[in-house]
Amino acid sequence: MSPLAVRVPEELSARVPAEQRGPGLDRDDVRLLVSRGTEVSHHGFAELPGLLRAGDLLVVNTSPTLAAAVDGRVGHARVVVHFSTRGDDDRWAVELREPDGRGATRARAEAEGVEGRGCGGLAETKVRLPGGARLVLEEPLSARGERLWWARVSGAEVPALLREHGRPIRYSYTERDQPLSVYQTVFALPYADGTGSAEMPSAARPFTARLVAELVSRGVQFAPVTLHTGVASAESHEPPYPERFAVPEASARLINAVRAGDGRVVAVGTTAVRAVESAAGADGVVRARAGWTDLVVTPERGVRVVDGLLTGLHEPEASHLLMLEAVAGQAAIDRGYEAAVRRRYLWHEFGDVHLLLP
């Protein structure tokens, strides 16, 4: 798929959360673009219960957001470590970045005093972390590049390090640092091993407890799944790396029951799509599964389970658009994004949302 033929003006980046844009506002005070095929309509997010039907099912990601950014030093140079994904061997996939001078980060220049090998760093690079902890880069996560590295941490347990010294990952289009609570969704659950998502499963951010209660009262059901999302590629929009996921037995049964009836399965976020489609067989039946998924949902692969998708607005180059196209078709995505730019919807994790329905 070629990138969308739209240009998103910089001023359409959502710089602060909805509830900080004016007095009396809440998380659900964002706009909702609805695409039914190539038909587009415009709503407030609080209208969502009226756009769904009794018997519909929302698949939601319960992964909590981690305070995944930690300051460190390589030699005399300041770096910011983005902790992405915990491996089965207790190593962590990390990205080393450098401060941009405005409170966010940028891709790291070549390491000081050594011959660089791209923005990811060098094998055996040692990073000093707060509290006397140390991190050593061991090997690239993927042969595709050196942005993410498997690293080993000594002198501290990573979950405790993040709780004490970490902060949420922040990108340059945001206005200021925010507390971790701003990045947690209403569906987030703590995990005993301290794992979670490096970046917020942001499609669920506009949900409030009040709105969830209204949806339930109207007969909309919820199926929890888990996918711990890693650090996105802010500069080059790489396809997703393998991520840890789980679809519990109760959710698998509920999804299959809705698919056998008249309800629609609507995933809340691309992470929920990736999880549930990873648990679906070629027959379209969802079975309880847990582990790692390297599934990339494309129009060629298609979707086996999901009828609709509630998602944020993605940059025209983003690999996530392949998934949106798999759910709704390229014509629907093109038409929706043209309308979003024309009506000045807001982009990124604090922005407006897009509901794709059959």
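Trainee: What should I know about the model before reading it?

Mentor: The model is predicted: local features need pLDDT of at least 70, side-chain atom pairs count only at pLDDT 80 or more, and totals for chains, interfaces and linings use all residues. Residues are numbered from 1 along each chain as its sequence is written, and side-chain values use heavy atoms, with hydrogens and water left out.

Trainee: How many helices and strands does the protein have?

Mentor: Helices (H or I, at least four residues) and strands (E, at least two) are DSSP runs, numbered from the N terminus. The protein has seven helices and 16 strands.

Trainee: What share of the residues is buried?

Mentor: Buried means under 20% relative accessible area, exposed over 50%, and partly exposed in between (1.4 Å probe, protein chains only). Of the 358 residues in the protein, 54% are buried.

Trainee: Why do the buried residues of α3 line one face of the helix?

Mentor: An α-helix has 3.6 residues a turn, so residues three or four places apart point the same way. In helix α3 (residues 209–217), L211, V212 and L215 are the buried residues. Viewed down the axis of α3, these fall within an arc of 100°, so they line one face of the helix; the arc is that of the directions from the helix axis to the C-beta atoms.

Trainee: Which exposed residues does the opposite face carry, and what does the buried side pack against?

Mentor: The face turned away from the buried side of α3 carries the exposed residues A209, R210 and S217. The buried residues of α3 pack against α1 (48–51), β3 (57–61) and β11 (221–228), where contact means heavy atoms within 4.5 Å.

Trainee: Which residue follows α3?

Mentor: G219 follows α3, and its phi is positive, near 90°.
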